[in-house]
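Visitor: I have a structure to look over with you. Can we go through it helix by helix?

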Amino acid sequence: MPESLIHTIITAEWDMFQHVQNQGGRASCQDDYDTFAIMRKSQFLAWSHEALASYCQDLTEARAAGRNLLTEKYGYMMEHTAPEEYENIRSLLPAVPPEKAALVAGLTEKEILWREDFNRRFPDYGRLGRPLRKEDAACGETSIETYAMGELNTYSERTLKLLAAHYQKLEAQGENPAVRIMDATARQYGYRDSADAQARLAQEGGHHVF
C-alpha cells in the first residue's frame, strides 16, 4: 500500500536527517518531525507506486553502503547556497553522470514551471513557499530550483526515469503535480485543498493561517 511505503520512506529519511551535520550545529528543523513528515508525505502522495518503491530501494541501498542521502542532498545544494564551501566538499559527493544530470535538469525545470502555474492560480498560498529560482533567493534562502536539483541528484537514474514517466502521464491528463502536492499539504493542515487554503489566506489578508 502507498501509505505504508510512504511511512517507510519517511522513517528512513528522518533517521538520515538526524545524522546531517550542520556547520552551525544542530538545526531546529531536525527536531520538528511533524513538519518534516507533512512536507515529505505531501510530496510522495503525488508519486506513483513504482517510483516510491524505487526510491525506497535507493534509501536501502544507500544505508547499506554507508551513505546518507540527506547529507548528500544538502551538499549538492551548497553549489548555489554556499559555493565556496561547496568547493571543499564536492569531491566527497557522488559524481552525477551526464545522462542523470540531464534527467535532473529536466525534472527541476518542470517543478519550477508547475509551481509558477500554481502560484498564478493560488497566489497567497503560493507565497508561503520558497522562492522559485535561485536568482530570486535572498541571502540565507533556498529556492525551489536549488532544493529540487539537490534532492533529485540523490535519486538513482531508475527512480528519476520512473518519476519522469509518471509526471508525463499526469501532465497528459491535464494535471499539475504541484497542485497535488500542495493539496496534500493543505489537507494535512485541516483544509479541503489548495483552493480552500487560498480562500482563507485571502480572507485573512495573506497572513499565515496554518
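Visitor: At what angle do α1 and helix α3 pack?
Guide: A caution comes before the value: this is a predicted model. Helix α3 covers residues 49-64. Its axis and that of α1 are 10 Å apart. The packing angle of the two is about 30 degrees.

Visitor: Are α1 and α3 roughly parallel or roughly perpendicular to each other?
Guide: Angles under 35 degrees count as roughly parallel. The angle here is about 30 degrees. α1 and α3 are therefore roughly parallel.

Visitor: Is the crossing of α1 and α3 left-handed or right-handed?
Guide: The angle of this pair is about 30 degrees. The handedness of the crossing of α1 and α3 is left-handed.

Visitor: Which residues of α3 make the contact?
Guide: The α1 side comprises Pro2, Leu5, Ile6, Thr8, Ile9, Ala12, Glu13 and Met16. Facing them from α3 are His49, Leu52, Ala53, Tyr55, Cys56, Leu59, Ala62 and Arg63.

Visitor: How many residues of the contact of α1 with α3 are nonpolar?
Guide: Two residues of this contact are polar and two are charged. The nonpolar residues number 12.

Visitor: At what angle do helix α1 and α4 pack?
Guide: Helix α1 spans residues 2-18. The axes of α1 and α4 are 7 Å apart. Their packing angle is about 65 degrees.

Visitor: Is α1 roughly parallel or roughly perpendicular to α4?
Guide: The roughly perpendicular class runs from 65 to 115 degrees. With an angle of about 65 degrees, α1 is therefore placed relative to α4 as roughly perpendicular.

Visitor: Which residues of α4 make the contact with α1?
Guide: α1 contributes Glu13, Met16 and Phe17. By class, the whole contact has five nonpolar residues, no polar and one charged. The α4 residues are Leu69, Leu70 and Tyr74.

Visitor: Are the rings of Phe17 and Phe36 stacked or edge-to-face?
Guide: Their centres are 5.2 Å apart. Planes under 30 degrees apart count as stacked. The planes of Phe17 and Phe36 are at 15 degrees, so the pair is stacked.

Visitor: How many residues apart are Phe17 and Phe36?
Guide: Phe17 sits in helix α1 and Phe36 in helix α2. The pair links distant parts of the chain. The separation is 19 residues.

Visitor: Which residues form one aromatic cluster?
Guide: The structure holds 13 aromatic pairs. The stacked pair Phe17 and Phe36 is part of the picture. The cluster consists of Trp14, Phe17, Tyr33, Phe36 and Tyr74.

Visitor: Which residues is Thr71 in contact with, leaving aside its neighbours within four places in sequence?
Guide: Thr71 lies in helix α4. Its relative accessible area is 35%, which means partly exposed. Asn22 is 49 residues away along the chain, with 9.3 Å between the C-alpha atoms. The contacts of Thr71 are His19 and Val20.

Visitor: Which helices are included in what covers the buried residues of α8?
Guide: α8 runs over residues 144-152, and eight of its nine residues are buried. Among the buried ones are Tyr147, Glu151 and Leu152. The cover includes α2, α4, α6 and α9.

Visitor: At roughly what angle do the axes of α6 and α9 cross?
Guide: The axes come within 10 Å. α6 passes α9 in a left-handed crossing. The angle is roughly 35 degrees.

Visitor: How many charged residues has the contact of α6 with α9?
Guide: Residues making this contact include Glu99, Lys100 and Lys110 of α6 and Glu157, Lys161 and Glu171 of α9. By class, seven are nonpolar and no residue is polar. The charged residues number six.

Visitor: How far apart in space are Pro123 and Leu201, C-alpha to C-alpha?
Guide: Pro123 is in helix α7. Pro123 counts as partly exposed at 32% relative accessibility. In sequence, 78 residues separate Pro123 and Leu201. In space, the distance is 9.5 Å.

Conventions: Residues are numbered from 1 along each chain as its sequence is written. This is a predicted model: local features need pLDDT of at least 70, side-chain atom pairs count only at pLDDT 80 or more; totals for chains, interfaces and linings use all residues. Side-chain values use heavy atoms; hydrogens and water are left out. Buried means under 20% relative accessible area, exposed over 50%, partly exposed in between (1.4 Å probe, protein chains only). Helices (H or I, at least four residues) and strands (E, at least two) are DSSP runs, numbered from the N terminus. Contact means heavy atoms within 4.5 Å. Axes are lines fitted to C-alpha atoms, for helices over the stretch in contact, and angles run from 0 to 180 degrees between N-to-C directions. Angles under 35 degrees count as roughly parallel, over 145 as roughly antiparallel, 65 to 115 as roughly perpendicular and the rest as oblique. Ala, Val, Leu, Ile, Met, Phe, Trp, Tyr, Cys and Pro count as nonpolar, Asp, Glu, Lys and Arg as charged, and the others, Gly among them, as polar. Rings of Phe, Tyr and Trp (its six-membered ring) pair if their centres lie within 6.5 Å; planes under 30 degrees apart count as stacked, over 60 as edge-to-face and the rest as tilted. A crossing is left-handed if the near helix is turned anticlockwise from the far one by less than a right angle, and right-handed if clockwise.
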